Amino acid sequence: MVRRSQSSNPRSVVVLTSGTDWGTRAAGQRRSSGAEAPIPKRQPAKIKALQQATRLANLAIDKKNWTAARYALSRARALANALPADVAIREREKLSAARKRYAARNTPAAKNAEQAKATPAKRAGGKQSAPKKSTAKSTAQQPKPAPVRDLGDRFINRAALGYGPTDETKGSRTQ
């Protein structure tokens with residue numbers, strides 16, 4: 001049970017709810033879409049706003065900012081619907097292409113394309129240097145690593161470390 005009071009008056013009625021009305025209360029707080037934004041009155045201004053919204057949607061899709069892309073696409077759709085069908089055909093084509101890119105954001109094909117783009121870039125490592133002229137000389141010039149020295153049999157002085165002599169060390173070594 002949740003105690004809910006709509007006013008600061010202590011004598012007002014207090015309603016006890018079990019949370020069943022939360023869905024309807026949250027409906028008033030849903031995220032805003034671009035369709036609620038004011039639409040310009042004149043046709044050239046509508047076309048300019050449509051171009052801006054489409055450009056913003058494409059930028060947001062490139063940056064993978066999906067919430068901004070959704071807002072810009074809904075704004076562009078509202079502007080396109082406010083224009084006559086025979087006006088701004090090129091802008092409508094750009095908008096539909098942006099919608100397709102937005103719709104394909106979580107598909108397996110998009111993920112595969114993203115991985116294909118990422119793998120060669122990782123291999124290349126940024127700038128590519130000029131090819132070496134002769135590889136035989138460069139391998140001959142590198143010094144060989146020093147050979148590992150034979151350290152012989154080493155014994156740990158357990159008595160110096162605070163341990164008593166063991167049965168194995170009593171017979172083989174005396175101090």
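The expected span of a helix is taken as 1.5 Å multiplied by one less than its number of residues. The model shown in these close-up views is predicted.

**Figure 1. Overall fold of the protein chain.** Seven helices and two strands make up the secondary structure of the protein chain. In sequence order, the elements follow the pattern β-β-α-α-α-α-α-α-α. The protein chain has 175 residues, of which 15% are buried. Among contacts with a separation of 6 or more, 56% are between residues 24 or more positions apart. The accessible surface amounts to about 15100 Å², and carbon and sulfur atoms account for 54% of that area.

**Figure 2. Helix α2 and its buried side.** Helix α2 comprises residues 43-62, 20 residues in total. The distance from its first C-alpha to its last is 29 Å, close to the 28 Å expected at 1.5 Å a residue. The buried residues of α2 are Lys46, Ala49, Leu50, Ala53, Thr54, Ala57, Ala60 and Ile61. These residues lie on the same side of α2, because the arc they cover around the axis is only 140°. An α-helix has 3.6 residues a turn, so residues three or four places apart point the same way. The face of α2 turned away from the buried side carries the exposed residues Pro44, Lys48, Arg55, Leu56 and Asp62. The cover over the buried residues of α2 includes α3 and α4.

**Figure 3. Helix α3 and the elements that cover it.** The 17 residues of α3 should span 24 Å at 1.5 Å a residue, and the end C-alpha atoms are 24 Å apart, in agreement with that value. Buried residues in α3 are Ala69, Ala72, Leu73, Arg75, Ala76, Ala78, Leu79 and Ala80. The cover over these buried residues includes α2 and α4.

**Figure 4. The aromatic pair of Trp66 and Tyr102.** One aromatic pair is counted in the model. It is formed by Trp66 and Tyr102, whose ring centres are 6.1 Å apart. The angle between the planes is 65°; because planes over 60 degrees apart count as edge-to-face, the pair falls in that class. Trp66 belongs to helix α3 (residues 66-82) and Tyr102 to helix α4 (residues 89-103), so the pair ties together parts that are 36 residues apart in sequence. Trp66 is partly exposed, at a relative accessible area of 26%, whereas Tyr102 counts as buried at 13% relative accessibility.

**Figure 5. Arg105 over two aromatic rings.** The charged end of Arg105 sits over the ring of Tyr102, 4.1 Å from the ring centre. The charged end of Arg105 also sits over the ring of Trp66, at 5.8 Å from the centre of that ring.

Figure 6. Most residues other than glycine have a negative phi. Lys64, which is not a glycine, has a positive phi of about 60°. Lys64 is placed in the loop between α2 and α3, just after α2. With a relative accessible area of 46%, Lys64 is partly exposed. Ala88 likewise has a positive phi of about 60° without being a glycine. The position of Ala88 is in the loop between α3 and α4. Ala88 is buried, with a relative accessible area of 13%.

Note on methods: Residues numbered from 1 in each chain as written. Predicted model: local features only at pLDDT ≥ 70, side-chain atom pairs only at ≥ 80, totals over all residues. Heavy atoms only, no water. Phe/Tyr/Trp six-rings, centres within 6.5 Å; stacked < 30°, edge-to-face > 60°. Helix = DSSP H or I, 4+ residues; strand = E, 2+ residues; numbered from the N terminus. Buried < 20%, exposed > 50% of the residue type's maximum accessible area, 1.4 Å probe, protein only. Lys NZ or Arg CZ within 6 Å of the ring centre and 35° of its normal. Arc of directions from axis to C-beta. Contact = heavy atoms within 4.5 Å. Areas by Shrake-Rupley, 256 points an atom, 1.4 Å probe, with all protein chains shown as cover.
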